Amino acid sequence: MNYIHFESIDSTNDYILKNIKYLKDKTVVFSDIQTKGKGRNNRIWYSPKYENKYNLYVSILLLPDFKEKNIKLLQNLPHYNAVILHRVFLEYGVRTKIKWPNDILFENKKIAGILCESVIFGDKISIVVGTGVNLNMKPFQIKNIDKEAVSLSIILKKNINRDDFLKCYVDKFFDEYLKFVNFGFSSIYEEYKENFAYLAGDKVFVIDNLGETIEGKYKDIDKEGHLVLNTDFGDKIINVGDVFNKIKS
Ligand code: BTN
């Protein structure tokens, strides 16, 4: 593993994307703050530090050999990463839930988010797995986030050592990475579903990639990692989108 640390960077994902030609497989880039942290769907990922206490802003570069299965692998890496983060929180005694596709919640409040990006050059695929974890966010900082959020330090009522959390995460990520590459989503399917934030029948709203709101009841996660929603017009399988339990105003 090759670690690169910054005190400040625009975005750890962007650093990798800009320097991809010079970086090795499994490079881990982390920063104390990000000045332009990116969230999913062009949202901002608020990325401060507080005194000398840090949140986690980390990106992992993966350069797998290009094979047909890597496209599927790419689709399910966010799910894999979500399961890994769930396991890391368990090590801290905290049972989180996974909100499709890859938000990590504690008591319905967001504690971590994942942004996977990829670049294809000829027959090579480069994948960046970006993870932001609210480790030491203070309540006054949480207020700057536009949705309900929480930090591990607020839950455990103590400061969290960012570097210990990072090591635990990276070790767990690579412990089962080969298994995931070989067996794909099936290697984590049960664990993903067991720790899912919704129960079958829960009413949810999904904003899909076209900005349309779809209303329905959560039914299942299929074997590809898609969301299966029971709507008035029958079951709908959703590949991309954001889930909410109430309509966004
Ligand atoms: C989301 O839930 O919207 C995804 C948030 C991903 C944030 C992380 S922080 C490290 C990496 N660098 C970024 O600019 N974004 C990701």
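Colleague: How far is a nitrogen atom of the ligand from an N or O atom in the side chain of Thr12?

Modeller: This is a predicted model, in which local features need pLDDT of at least 70 and side-chain atom pairs count only at pLDDT 80 or more, while totals for chains, interfaces and linings use all residues. Residues are numbered from 1 along each chain as its sequence is written, and side-chain values use heavy atoms, with hydrogens and water left out. I take a polar contact as a pair of N or O atoms within 3.5 Å, where within protein one atom must be able to donate a hydrogen and the other to accept it, and residues adjacent in sequence count only if both atoms are side-chain atoms. For Thr12 and the nitrogen atom of the ligand, the distance is 3.1 Å.

Colleague: What fraction of the area that the ligand exposes when taken alone does the protein bury?

Modeller: A backbone N or O atom of Lys38 is 2.7 Å from an oxygen atom of the ligand, and a polar side-chain atom of Lys110 is 2.6 Å from an oxygen atom of the ligand. Taken alone, the ligand exposes 410 Å², with areas from the Shrake-Rupley method using a 1.4 Å probe and, for residues, only the protein chains shown counting as cover. The share of the ligand's area that the protein buries is 99%.

Colleague: Which element gives the most residues to the shell around the ligand?

Modeller: The ligand is surrounded by 20 residues, with Ser11, Gln34, Lys38, Arg40 and Lys110 the closest; a residue counts if one of its heavy atoms lies within 4 Å of the molecule. Helices (H or I, at least four residues) and strands (E, at least two) are DSSP runs numbered from the N terminus. On that basis helix 1, strand 3, strand 6 and strand 7 each supply at least two residues of the shell. The largest contribution, four residues, comes from strand 6.

Colleague: Which residue's backbone nitrogen does a side-chain oxygen of Ser11 reach at the start of helix 1?

Modeller: Helix 1 spans residues 12–19, and Thr12, Asn13, Asp14, Tyr15 and Ile16 are buried in it, where buried means under 20% relative accessible area, exposed over 50% and partly exposed in between (1.4 Å probe, protein chains only). The cover over these buried residues includes strand 1 (2–9) and strand 6 (109–121). At the start of the helix, the side-chain oxygen of Ser11 comes within 3.3 Å of the backbone nitrogen of Asn13.

Notes: Contact = heavy atoms within 4.5 Å.
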